[in-house]
Amino acid sequence: LAERLQSTIKKITGKGKVSEQDVKEMAREVRLALLEADVNYKVVKDLIKRIRERAVGQEVMESLTPGQQVIKVVKEELTELMGGEQSKIAVSDRPPTVIMMVGLQGAGKTTTSGKLANLLRKKHNRSPLLVACDIYRPAAIKQLETLGKQLDMPVFSLGTDTNPVEIAAKALEKAKADHHDYVIIDTAGRLHVDGDLMAELTEMKEKVQPDEIFLVVDAMTGQDAVNVAESFNEQLDITGVILTKLDGDTRGGAALSIKAVTDKPIKFAGMGEKLDQLEAFHPERMASRILGMGDVLSLIEKAQETVNEKQAKELEEKMRTMSFTFDDFLEQMDQVKKMGPLDELISMLPGANKMKGLKNIQVDEKQLSHVEAIIQSMTKQERQDPSIINSSRKKRIAKGSGTTVSQVNRLLKQFNEMKKMMKQMTQVQKGKKKGKGMK
Ligand code: GDP
Ligand code: MG
């Protein structure tokens, strides 16, 4: 999606004035791009209609060029399409709050149950009970129990011989007795939507009266995910959608259509297999990401979770003035470790999918300790100005850090790439700030 839109956007941004013909052309391109991205046909039709009306109509702001205006309209409409920010989770006034996780096999229910429990405990200080109701595959119970162990969180299971509805009901009693304030029920899935499954889930819903029914869908399945969401919603009246594997979704088709088709919000997004890779779903950022502007906001937010604000400001200043040194790098290492995988952070940078040399920057986390050792073996002067590091210095550094000259070389190269990227990033940020000020 991004590819196609970007070239259209490039064409139109350059223009000082946009004619009705331009808007038509833009609308046509957006339409094609969306269809190519596997966005629901009806959704596209409505969207294009609104974009054309708004873009051609008298909604032009003086501070924006008409070209920018059209793009602003497209972005706003994409955001609108995905709904408002909706990452809140219900809280029952008679605890425990009950959450049913439903969806097809392989969508990510079990993993996401674990992630959600982790998030509820970490961010909201809750004490969830995980419940294993997928009795059809013995491995499924084991999988949830393993997640429970990893998280050091209790998992309620009655094996494979008890009816899932019964298990869910018993789990509720157990949660009350043990003072758990959330119950997360991991249910069975099928390969396709089927009557038996729906009957079981409906029965369970009646029995446990859940406060939330989260449908878990795989973003990579595109339009199929939308169809699945439609049928689950018809039969179960779900309360929200969790979109998984968004890390592997390059088209955004599911994200764009689900809200429009089901009128249920996408609440969270799974961004990887790890248990802390569940994020609130931000429609505006998703729209930006789709438009290829890069998800700078998420990146900054992620950084701010671990770096305090003052440090972040200093870092930003250093990035802007390019005075970032190996000392700063070292200081950031701890923060970086806390932030999560580097390649994940890097992939959020604007245009990162297109950036050359990205492969060189993907730092193997196991090597972080080597990196640390290398930097520690540098002199103060070398850390401030790496350009003075000649081959004899490299040899000394390698020896001092117990690494090799080629490892030292690699780090120097990575450091330079990183500085380049920081420059690109701050430039985009500046662009963004400008845009905001003009609104
Ligand atoms: P279930 O059958 O619905 O319970 O699905 P699982 O929870 O067993 O997940 C199926 C596979 O998808 C597992 O290999 C998960 O690690 C993987 N998975 C789940 N969520 C994500 C995600 O957000 N990103 C990625 N990359 N993989 C995911
Ligand atoms: Mg499962």
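Predicted model: local features only at pLDDT ≥ 70, side-chain atom pairs only at ≥ 80, totals over all residues.
Visitor: Which residues of helix 11 are buried?
Guide: Pro 283, Arg 285, Met 286, Ala 287, Ser 288 and Ile 290. Buried means under 20% relative accessible area, with a 1.4 Å probe and protein chains only. Residues are numbered from 1 along each chain as its sequence is written, and side-chain values use heavy atoms, leaving out hydrogens and water.

Visitor: Why is helix 11 largely enclosed?
Guide: Six of its eight residues (283-290) are buried, so the rest of the structure largely encloses helix 11.

Visitor: OK, the ligand. Which residues come nearest to ligand 1?
Guide: Gly 106, Lys 109, Thr 110, Thr 111 and Asp 247, out of 18 around ligand 1. Being near takes a heavy atom within 4 Å.

Visitor: Which helix gives the largest share of that shell?
Guide: Helix 5 (residues 109-124), with four residues.

Visitor: And how far is the polar side-chain atom of Thr 110 from an oxygen atom of ligand 1?
Guide: That distance is 2.7 Å. A backbone N or O atom of Gly 108 also lies 2.9 Å from a ligand 1 oxygen atom.

Visitor: Zooming out, how many helices and strands are in the protein chain?
Guide: There are 20 helices and eight strands, and buried residues make up 51% of the chain's 439 residues.

Conventions
Chains lettered and ligands numbered in written order. Polar contact = N/O pair within 3.5 Å; in protein donor to acceptor, adjacent residues only side chain to side chain. Helix = DSSP H or I, 4+ residues; strand = E, 2+ residues; numbered from the N terminus. Buried < 20%, exposed > 50% of the residue type's maximum accessible area, 1.4 Å probe, protein only.
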